Amino acid sequence: MAAFDVSAETYDRFMGRFSRPLAPVFCDAVLPGGGVPASVLDVGCGPGALVEELSRRCTAAGADVRRLAAVDPAPTFVAAVADRHPDVETLQAGAEELPFGDDEFEATLAQLVVHFMDDPAAGVAEMVRVTRPGGLVAACVWDHGGGRGPLSPFWSAVESLAPGTAAAPSTGSSGGDLERLWRAAGLAAVREERIGVRVDFTGFEQWWAPFERAAGSVRAYLDRLEPSEVTRLRDLLRTRLGEGPFAVEAEAWCVSGQVPG
């Protein structure tokens, strides 16, 4: 699974403004009633948006959670989660080779991760392997394929200026992708649905500033541009979004399934 070579703080400023509010929506969708299983694994935890929400729910409900674990391939993210949440068992690992035995968790969750897996089928199979029979396996991915992700305004502008250069949607980021992966993994009671968030911005500069130190495909694309080309792209985005205030609405595909047995 691909690792991000940016600091946790940089990623928080860039994508955390969307992933943090998404975490409670994701949990509401796959953990109805506000409860938290007694043992939970967060796969591809990043700087800890989902871990933070799971920890908050455990504390608020006084839940008898015996084990909360998290893994990520990026050492900077692992260090950040370990520092922010010392009670969480945090390990450096990719989804395709989880460092756990069979049937260790009652629930295995992956927020905004499947599309980054080198081998999504293998990653989902690993999630199933470490989850007990009857347990929950769930994930969500931004709807990049449908043009409804938080970065869709950026990539739409890129496509307008340089057709054919926008990043292609990865597996998991289009409707039906996650459901197909979950069914192929042998999970039962598979359900896919849309979830989403709305993030308000006071003005264009607040929205654009994190792009100056972006991550992932956005940073890779911007690094290839000349300064004048970046300025042209920013000016087009300013025209489209306006000076503000404005809101960006982002949607994700969410899937859940049960391990047979």
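I started at S217, which is partly exposed at a relative accessible area of 40%. My cut-offs: buried is under 20% relative accessible area, exposed is over 50%, and partly exposed is in between, with a 1.4 Å probe and protein chains only.

Before going on, a note on the model: it is predicted, so local features need pLDDT of at least 70 and side-chain atom pairs count only at pLDDT 80 or more, while totals for chains, interfaces and linings use all residues. Residues are numbered from 1 along each chain as its sequence is written, and side-chain values use heavy atoms, with hydrogens and water left out.

**S217 and its helix**

I placed S217 in helix α8. Helices here are DSSP runs of H or I with at least four residues, strands are runs of E with at least two, and both are numbered from the N terminus. Leaving out residues up to four places away in sequence, I found S217 touching W155 and A167; a contact means heavy atoms within 4.5 Å. I also checked S217 against A69: they sit 148 residues apart in sequence and 28 Å apart in space, C-alpha to C-alpha.

Which residues of α8 are buried? Over residues 216-223, I noted V218, Y221 and L222. Looking down the axis of α8, I see these buried residues fall within an arc of 95°, so they line one face of the helix. The arc is that of the directions from the helix axis to the C-beta atoms. The cover over the buried residues of α8 includes α1 (8-30), α5 (152-161) and α9 (227-241).

**S55**

Next I looked up another serine, S55, in helix α2 (residues 49-61). Is S55 buried or exposed? It counts as buried, at 19% relative accessibility. With residues up to four places away in sequence set aside, S55 touches L68, H85 and V88.

**The whole chain**

I then zoomed out and got nine helices and seven strands for the protein chain. Its radius of gyration is 18 Å, close to the 18 Å from the globule rule for 261 residues, so the chain is as compact as a globular protein of that length. That radius is taken over C-alpha atoms, and the rule is 2.2 Å times the number of residues to the power 0.38. Along the principal axes, the C-alpha atoms fill a box of roughly 55 × 35 × 30 Å.

I have 52% of the 261 residues down as buried. Among contacts between residues at least 6 apart in sequence, 81% join residues at least 24 apart.
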